[in-house]
Every structure is written in C-alpha cells, then in structure tokens.
Amino acid sequence: MSRLLLLEAMGNTGPYLLRAAEELGLRVTVVTHEDVYEKSYPPALKELIGEDVLFTDFADPEAARRQLAAHARAHDVTGVLCGWEFLSPLVAELAAELGLPGNDPERATGCRNKRVMAGLFAEHGVPSPRTVLATTYESALTGIAGSGLAYPVVVKPAEQSASWGVSVVRAPGELAAAFTLARSWPVETPHLIPLDTTVLIQEYVDGVEFGVEAVVSGGRVAVLPVTEKFTTRDAYRVETGHTVPADLPRESLDLIRRTVEQALHALGVRNGVAHVELKLTPGGGAKVIEVGARLPGDHVVRLMRMAHGIDEARAYVEAVTGTPPRTAPAHDRAAAIRFFTSYEPGTFRGLTGLGSSPHVMAVDTDAPGTRVGGVRDKGNDARVGHVILCAADNTEVNAAADAVMAHVRVEVG
C-alpha cells in the first residue's frame with residue numbers, strides 16, 4: 001500500500017488529512033518530535049494515528065530532511081503533506097528531492113516568511129500592502145519616514161501565525177510597544193524552530209478581508225468558494241469567526257480568483273493547497289495580505305464540506321499524489337463557525353448566555369480550569385471553544401450565528 005508522510009498532525013487539520021488519506025486507501029506516517037507527541041497529542045489523535053509515527057527534530061531542518069528522504073525511499077512514499085505551517089518549506093524541499101508533486105523549493109520560504117513573501121510579491125507585481133522591514137525600533141522609525149507610509153500601519157512578525165504579534169498602530173506613540181510585541185517569538189512553539197525576528201511595518205489596507213482557499217495541481221489553480229471573516233476591531237486583530245460562502249457579486253469573485261492565481265504563481269505554489277488572506281478595497285481592487293501553503297485552520301475544512309460538499313483535505317492528498325483533485329461543489333448551502341473568545345488572560349471558569357438554534361451543528365468548549373490567553377498577546381490562545389452552524393444561505397446562517405452569540409459571556413478568573 002502506498003504511503004504518505006504527514007509532517008506534523010497537531011492542530012485541527014491533522015485529523016482531516018488522516019481521514020482523507022484513509023478514504024483514498026493510503027497509509028500515513030505522521031512525523032513529529034517525540035516530546036511533542038507525548039505532551040501535545042490528545043489521546044483521540046494518537047488513536048487515529050495508530051503506530052505510524054516517526055520522530056525527528058524539526059529544529060534541525062537539514063538533518064530532518066536527510067532522515068525523512070531516506071525513510072521515504074525505503075517505504076514507498078508517494079506524497080508529502082504539510083500539517084503545520086512552519087514546516088511548509090521543508091515539505092517542498094523533501095518532495096522535490098524525492099521527485100514527488102510539490103511546490104517550488106526555491107520559493108517555498110515565501111509561503112512561510114512574510115519578509116520573503118513581500119519581496120516575491122513586489123518582484124512579480126502582486127497587489128499587496130507596501131512594506132517596510134526593520135530589525136530595530138530605530139530602523140522602523142527611519143523606514144516609515146523614508147517610505148512615506150502614513151498611520152495607521154500594521155506591525156507584524158516575519159514568522160508567526162494565527163495573528164500572534166499583529167497590531168494596528170494608529171499613532172507614532174504606539175509603535176514601540178507594537179514593535180516589541182512583534183519580536184516576542186525568536187523560536188516557534190513547540191518544535192523550537194528558530195524564527196526570523198524581522199518586523200514588517202505595512203500600510204493599513206482599507207476594505208473587507210476574506211479567506212480564500214485554493215487547490216493547485218500541476219500549476220493549475222482551483223479557487224474554492226470564498227470565506228467571510230470576522231475579527232476583533234481593536235488594535236489586536238484576532239479572528240472571531242468565519243462563514244462559507246461569502247456573499248459576493250460575480251465581478252468580485254472573478255477579481256479574487258485572478259489575484260489569488262497571481263499570488264500563488266509568484267510564490268511557486270504548484271501542487272497542494274494554499275490559504276490566502278485578501279482584502280477587497282473600496283476602489284474596486286484587491287490586495288493580498290498573506291499566503292500559507294497549507295489547509296485553513298479554524299475548521300474551515302469542515303465548513304467547506306458542509307456548505308458545498310468540497311473536501312479540501314482529500315483534494316490536497318490527491319494533488320500531492322498526482323491524482324486530479326476533486327474541487328467541484330456538490331451542493332449549495334452555508335456554514336459558519338464562531339469562537340468563544342476571552343479578551344483577558346486567566347483561568348477559564350465557564351460559558352454563559354449561549355443561545356439555541358436548530359441551525360447549530362456542534363458546540364465545543366474547553367474544560368473549566370484551562371488557562372487562557374487574552375487577545376493582546378496570545379492570538380488564538382484567547383479562544384475557549386466554538387459553535388458551528390449550517391443553514392440554507394449566507395444571510396440565514398449569519399443571522400443564526402448572531403442570535404446564538406448575542407449574550408455569550410466567557411467567564412475568566
């Protein structure tokens with residue numbers, strides 16, 4: 001039986017990929033670190049994986065690549081999957097070495113490192129925010145002054161995920177704190193992969209932000225139905241929910257498709273999936289905020305399946321094994337997720353005020369006593385659970401979500 005390597009199954013996309021591979025009759029070896037497996041893998045995930053686990057040290061990517069390439073050649077590996085965003089460059093390099101479908105290894109870092117991404121976007125004319133790079137607070141001040149950027153600006157780390165360290169800075173007096181926050185993670189957690197601590201200062205793009213999922217096979221891009229995003233509106237932008245599909249006119253969808261294709265070609269995304277964050281601007285344009293060569297988080301895979309019958313995890317497996325991926329919608333409904341979010345750090349005590357609705361498909365919350373971060377410094381660690389809903393269309397599912405969430409209160413002590 002053919003086998004896949006899945007570089008890290010931790011996070012909510014791992015189970016989707018494991019089940020998709022099983023449906024396609026493929027075995028999966030999950031690659032992780034022994035300490036991460038023991039400390040961070042829940043029992044249900046370990047049971048799903050079974051005995052197919054291979055341990056490596058991702059903090060040494062060259063040694064990991066050599067080890068995994070030797071293992072792949074010895075075990076009839078026919079595809080390499082990325083289940084953890086920080087590993088997408090290694091996935092591209094490994095696939096290229098093995099002669100398997102994957103992304104351009106020369107540009108793969110651009111799908112992980114926003115400093116490199118900004119350079120590739122500028123080189124290839126991809127519409128995106130103007131960007132200043134800084135390694136010190138003084139160079140940030142000089143860069144802003146020399147570039148002509150006007151406040152507000154967005155300050156973010158070159159290498160992080162899930163909105164960690166991202167701030168909207170509205171005045172010069174707020175810049176120092178935002179710069180310090182963006183440099184707070186010299187290594188990734190939990191694998192201790194060294195991170196680029198360069199800080200990006202970008203123009204604030206007016207408009208509405210959307211999530212766009214794409215499946216790419218042989219360089220051909222299939223853009224899936226667009227996701228509507230909901231975020232906090234203060235200085236620290238954290239996603240509070242998603243709805244699939246967004247309610248957009250045909251001309252906007254065509255613009256999004258063209259812009260996404262341009263961005264993915266610039267980044268060398270040739271075989272696999274991509275998660276694109278993009279804004280439609282008031283003037284009728286589009287700008288790409290950032291791209292990840294991975295499945296979407298936040299259970300958007302489930303929402304896409306509920307709303308349209310598209311299994312993006314299965315399509316990803318098909319794309320990296322040389323099989324034409326299935327991306328055509330099977331039906332036309334709408335699905336939404338909303339997160340229970342704590343604005344302050346502390347200990348989760350419980351949830352009150354959650355409404356009821358026949359559109360609710362699932363509710364999940366952390367156990368009382370769980371430590372939770374606040375939106376300022378912990379990104380998605382501010383979440384203590386979610387509710388998932390399904391309805392006939394975007395309007396109906398958003399109205400149901402608003403009603404269910406209207407009086408929710410997260411109790412933190």
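This is a predicted model: local features need pLDDT of at least 70, side-chain atom pairs count only at pLDDT 80 or more; totals for chains, interfaces and linings use all residues.
View 1. Arg65 forms a salt bridge with Glu97, and the closest N and O atoms of the two residues are 2.4 Å apart. Since Glu97 lies in helix α5 (residues 88–98) and Arg65 in helix α4 (residues 61–74), the pair ties together parts that are 32 residues apart in sequence. Glu97, with a relative accessibility of 32%, counts as partly exposed.

**View 2. The salt bridge between Glu239 and Lys229.** The closest N and O atoms of Glu239 and Lys229 are 2.8 Å apart in this salt bridge. Glu239 belongs to strand β12 and Lys229 to strand β11 (residues 227–231), so the contact ties together parts that are 10 residues apart in sequence. Both residues, Glu239 and Lys229, are buried.

**View 3. Further salt bridges, including Arg305 with Asp311.** Arg305 forms a salt bridge with Asp311, for which the closest N and O atoms are 3.8 Å apart. Arg305 is partly exposed at 37% relative accessibility, whereas Asp311 is buried, its relative accessible area being 15%. Elsewhere, a network of salt bridges links Glu23, Arg314, Glu318 and Arg326. Over the whole structure, a search finds 24 salt bridges.

View 4. The peptide bond from Thr189 to Pro190 is cis, with omega near 15 degrees, and Pro190 lies in the loop between α8 (175–182) and β8 (199–203). A cis peptide bond also runs from Val244 to Pro245, here with omega near 0 degrees, and Pro245 is placed in the loop between β12 (239–244) and α9 (250–266). Most peptide bonds, by contrast, are trans.

View 5. Most residues other than glycine have a negative phi. Glu8, however, has a positive phi near 80 degrees, and this residue is found in the loop between β1 (3–7) and α1 (14–23). With a relative accessibility of 0%, Glu8 counts as buried. For His299, phi is likewise positive, near 65 degrees, and the residue sits in the loop between β14 (286–292) and α10 (300–308).

**View 6. A negative surface patch that includes Asp393.** The patch is formed by Asp247, Asp332, Asp393 and Glu396. Of these residues, Asp393 lies in the loop between β19 (383–391) and α12 (394–405), and its relative accessibility of 39% makes it count as partly exposed.

Conventions
Residues are numbered from 1 along each chain as its sequence is written. Side-chain values use heavy atoms; hydrogens and water are left out. Patches are made of residues with over 30% relative accessible area and no salt bridge: like charges are joined within 9 Å, nonpolar side chains (Val, Leu, Ile, Met, Phe, Trp, Tyr) within 5 Å. Accessible areas come from the Shrake-Rupley method with a 1.4 Å probe; for residues, only the protein chains shown count as cover. A salt bridge is a side-chain nitrogen of Lys or Arg within 4 Å of a carboxyl oxygen of Asp or Glu. Lys and Arg count as positive and Asp and Glu as negative; His and the chain ends are not counted. The place of a charge is taken as NZ of Lys, CZ of Arg, CG of Asp or CD of Glu. Helices (H or I, at least four residues) and strands (E, at least two) are DSSP runs, numbered from the N terminus. Buried means under 20% relative accessible area, exposed over 50%, partly exposed in between (1.4 Å probe, protein chains only).
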